[in-house]
Amino acid sequence: MHESWSALVTAIEADRLLLQTPDGQIIRWPRSRFSEDAIVGSTVHLIALSERDSATERDELARHVLNAMLKGT
């Protein structure tokens, strides 16, 4: 299981979103890497993964998507 954190979208600028964590840290996130429907005040969840964990997560997601497609769901 991976550690996750929540953050609040506090501002949306032309090229980035500003996210604030519960302990007050500000994260500047590229807008191009975020959902188009992001709005100020929404909560996002952040997960830190090692390179190996990231590859495993991608494989599991791909497997899940393929299974859903094959089952027609």
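Trainee: Which residue stands opposite Ile12 in E2?

Mentor: Ile12 faces Leu17 there. The general idea is that strands of a sheet pair through backbone hydrogen bonds, either parallel or antiparallel. Here E1 covers residues 4-12 and E2 covers residues 16-20, and the two run antiparallel, joined by 4 bridges. Strands here are DSSP runs (E, at least two residues), numbered from the N terminus, and two of them pair if DSSP finds at least two bridges between them. Keep in mind that this is a predicted model, where local features need pLDDT of at least 70 and side-chain atom pairs count only at pLDDT 80 or more, while totals for chains, interfaces and linings use all residues. Residues are numbered from 1 along each chain as its sequence is written, and side-chain values use heavy atoms, with hydrogens and water left out.

Trainee: How many residues join E1 to E2 in the hairpin?

Mentor: The chain gets from E1 to E2 through 3 residues. The hairpin of E2 and E3 has 5 residues between its strands, and Gly24 in that hairpin has a positive phi near 95 degrees.

Trainee: What order do the 4 strands take in the open sheet?

Mentor: Read across and you get E3-E2-E1-E4, with antiparallel pairing. E3 (26-30) and E4 (43-47) are the edge strands, each with a single partner, so one side of each has no neighbour in the sheet. Now go pair by pair. E2 and E3 share 5 bridges in the antiparallel sense, and Arg16 has Pro30 as its bridge partner in E3. E1 and E4 also run antiparallel, with 5 bridges between them.

Trainee: Is Leu18 buried or exposed?

Mentor: Leu18, a residue of strand E2, counts as buried because its relative accessibility is 14%. The scale is simple: buried is under 20% relative accessible area, exposed is over 50%, and partly exposed lies in between (1.4 Å probe, protein chains only).

Trainee: Which residues does Leu18 touch?

Mentor: Leaving out residues up to four places away in sequence, Leu18 touches Leu8, Val9, Thr10, Ala11, Glu13, Ile26, Ile27 and Arg28. A contact means heavy atoms within 4.5 Å. Take Arg28 from that list. Leu18 and Arg28 are 10 residues apart along the chain, and their C-alpha atoms are separated by 4.8 Å.

Trainee: Which side chains meet in a salt bridge?

Mentor: Side chains of opposite charge can pair when their charged atoms come close. In this model the pair is Glu13 and Arg16, at 2.7 Å from N to O. The rule asks for a side-chain nitrogen of Lys or Arg within 4 Å of a carboxyl oxygen of Asp or Glu, and the count comes to 1 salt bridge. Glu13 is partly exposed, with a relative accessible area of 30%. Arg16 also counts as partly exposed, at 31%.

Trainee: Where is Arg33 found?

Mentor: Look in the loop between E3 and E4. Arg33 counts as exposed because its relative accessibility is 68%.
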